[in-house]
Every structure is written in structure tokens, then in C-alpha cells.
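Me: I have a new structure to look at, and I would like to learn how to read its features. Could you take me through some of them?

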Amino acid sequence: MKQLFDELSYSVSKITTQKYSTSFSLGILALKPSIRSAIYAIYGYVRLADEIVDSFHGYDKEKLLNRLKAETYDALHEGISLNPILQSFQETVNQYKVDKSLIEQFLHSMEMDLQKIDYNSELYEEYIFGSAEVVGLMCLQVFTDGNMEKYNELKPYAMKLGSAFQKVNFLRDLKDDYQILGRTYFPNIDMSIFDNYVKCQIEEEIEEEFKEALIGIKKLPNSSMFGVYLAYKYYLSLFRKIKRKSSKEILNNRIRIHNSEKAYVAFKSYVRYKTAFL
């Protein structure tokens, strides 16, 4: 029965999410059960592509990414894939009528990661749109479930949240991106003289995006509001921890939120949510 394969496929996407991101996994658990599988499917897919460009050293990354790209379009067109992660993703995309251009833009940003790019403001915005903002929009299409009026209302806020998450990731992963992968995403910045002044400028931009994103989170349907709010609070906690560190510290260490801290954030977030004090 194909249903058994579909169940397996969504399970693989769920396990992939749990393996790679505790924060997003906990956020997804706070969503309404009926939409959890779809969000696992989206995260599992983008994680697979991200791992190709970030982790598969010693392999032909361009060839692997091109194969994933071709298999993605085949799966979307045929309505099936033998790759469980692609199978759950295409099911979700087709069920919720996810805009295919979002997928194209995402894959374009993954291709950008295979090149040595000197990021200016325009390329920086292009990369963030494809690597993070469109992922938020894919999820938003699940959350709004065909209500285009609601989707268009919340679209700018979803993009701000995706952008804020990605920029926090950039700061968190600064050491590996710069020293191991040779990447520098922030535009017009010489990483050899990255200092507290530059760090503060980046943080001010992220702070503003978090504020704007919260406006949209409060307008989400009840089925998704708490789950997105929880992910927002996890990232906000990580961001505040990064802010307390010096530029030298984040260049030499990957800042993390420990599980005990996440549990505390989850408890506080639930109380605020239940008391309508977001």
C-alpha cells in the first residue's frame, strides 16, 4: 500500500528534523497535529539540500545538488519519489499548492553556496530571500491552508522572521562559515577586522526584524501561532546570548542554547501564550 510508504516518508522527514534541529522540532510539536507532518516535510527537504552544500566535503557537491534539483522537479511533476524526503515534500507541496517559484529560489540560493561570492547588499538580500524567507513562505502556505488573503497579509512578517533566523544563524556559525567553508555573507565587511562595532550594526538590524515578525506571529491561525512563537523565542534567546558575547568570542566559538535553557524558554513561552501576553 502506498499509504505505508507515505507514512514512512513523513517519518524520515520527522527524524531528519529532530536530528538536525532541537529548536525547530520542539516548535513543530507545538503546532496543531494536522499540520506537523507538512512542516517536517518542508524542513527535511531544505535540510537535505543544506547538508549537500555545507557538509558533503570530498564529494562533487554541484553534481549532487543538480541531482537533487532534477529529482525534485521530477517528483513534483510525477507526484511520487522513491526518496522518502522528496516523497513527503512533493506530497506537501502538491497538497497545499506551495508556490513552485519558492522552491526554485531556494535551490538558487543553495547553488550560490557552491560559489565563492563577494557579497554586496544586493546579493546578500538575494541569498537570504532564497535560503530563509522562502522557507518561511512555504510554511505560511501550510499555516493559511489556501486562504490567500491571510497569506498575503502575513507574507511580509513571515519573510522578516525567516530573515532574522538566518542572520542569527550567520552570527552563530561565523567561525565555521569563515574558517572552514570560506564564506562571508555579511556585505561590505572585512572579516579580518570584524569587531564589536560591526557586530552591533548587524544586531540592530536583526533586532528590528524580530520586532516586526512578532506582529505577524500574533495574527497567525491558532493552529500554528504557538509553534511559530516558540521557535521565535528560541531564536530570540540565542540572539540575546550572542549579543552578550564579544566579536572575538563568536569568531572563535559556536554559541548554543542548552536543552535546560530551551526547557525554561518553552515553559515561559507557554505561560505567555496562554495568558495572551505575547
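Predicted model: local features only at pLDDT ≥ 70, side-chain atom pairs only at ≥ 80, totals over all residues.

Me: Let's begin with a helix. What span should the 12 residues of α5 have, and how far apart are its end C-alpha atoms?

Reply: The idea is to count 1.5 Å a residue and compare the result with the model.

Me: How do I read the start of α5, and which residue caps its N-terminal end?

Reply: Look for a side chain that reaches a backbone nitrogen at the helix start. Here the cap is Asn83: one of its side-chain oxygens lies 2.9 Å from the backbone nitrogen of Ile85.

Me: Let's pick one residue from the group. Is Ser88 buried or exposed?

Reply: The test is relative accessibility, where under 20% means buried. Ser88 has 0%, so it counts as buried. You will find Ser88 in α5, which runs over residues 84-95.

Me: What surrounds the side chain of Ser88, and which backbone atom lies 3.1 Å from one of its polar atoms?

Reply: That atom is the backbone oxygen of Ile85. Leaving out residues up to four places away in sequence, Ser88 touches Ser9, Tyr10, Ser13 and Ala41.

Me: Which side chain makes a polar contact of 2.5 Å with the side chain of Glu203?

Reply: Lys199 is the partner in that contact. Beyond residues up to four places away in sequence, Glu203 also touches Leu171, Phe239, Ile242 and Lys243.

Me: And is Lys233 buried or exposed?

Reply: Its relative accessible area is 17%, and the cut-off for buried is under 20%, so Lys233 is buried. Lys233 belongs to α11 (residues 222-243). Apart from residues up to four places away in sequence, Lys233 touches Val265 and Ser269.

Me: How far is Lys233 from Phe210 in sequence and in space?

Reply: These are two separate distances, one along the chain and one through space. Lys233 and Phe210 are 23 residues apart in sequence, and their C-alpha atoms are 9.8 Å apart.

Me: Which residues line the largest cavity?

Reply: To read a lining, list the residues and then sort them by class. The list is Phe170, Leu174, Asp177, Tyr178, Arg183, Thr184, Tyr185, Phe186 and Met191. By class, 6 are nonpolar, 1 is polar and 2 are charged. Helix α9 (residues 174-179) gives the largest share, 3 residues.

Me: What is the volume of the second largest pocket?

Reply: Its volume is about 340 Å³. Among the 18 lining residues, Tyr124, Glu125, Ile128, Lys167 and Glu205 are the closest to its centre. Two or more lining residues come from each of α7, α8 (148-172) and α10. The lining has 9 nonpolar, 3 polar and 6 charged residues.

Me: Last, the loops. What is the phi of Lys97?

Reply: Lys97 has a positive phi, near 50°, in a residue other than glycine. Lys97 sits in the loop between α5 and α6. Its relative accessibility is 66%, so Lys97 counts as exposed.

Me: Where is Asp145 found?

Reply: Asp145 is in the loop between α7 and α8. Its phi is also positive, near 45°. With a relative accessible area of 55%, Asp145 is exposed.

Notes
Residues numbered from 1 in each chain as written. Heavy atoms only, no water. Helix = DSSP H or I, 4+ residues; strand = E, 2+ residues; numbered from the N terminus. Buried < 20%, exposed > 50% of the residue type's maximum accessible area, 1.4 Å probe, protein only. Polar contact = N/O pair within 3.5 Å; in protein donor to acceptor, adjacent residues only side chain to side chain. Contact = heavy atoms within 4.5 Å. Expected span 1.5 Å × (residues − 1). 1 Å grid on protein atoms, 1.4 Å probe; cavity = no way out; pocket = protein on both sides within 12 Å on 5 of 7 lines; lining within 4 Å. Nonpolar A, V, L, I, M, F, W, Y, C, P; charged D, E, K, R; others polar. Points joined across faces, edges and corners; volume = space filled by probe spheres on them.
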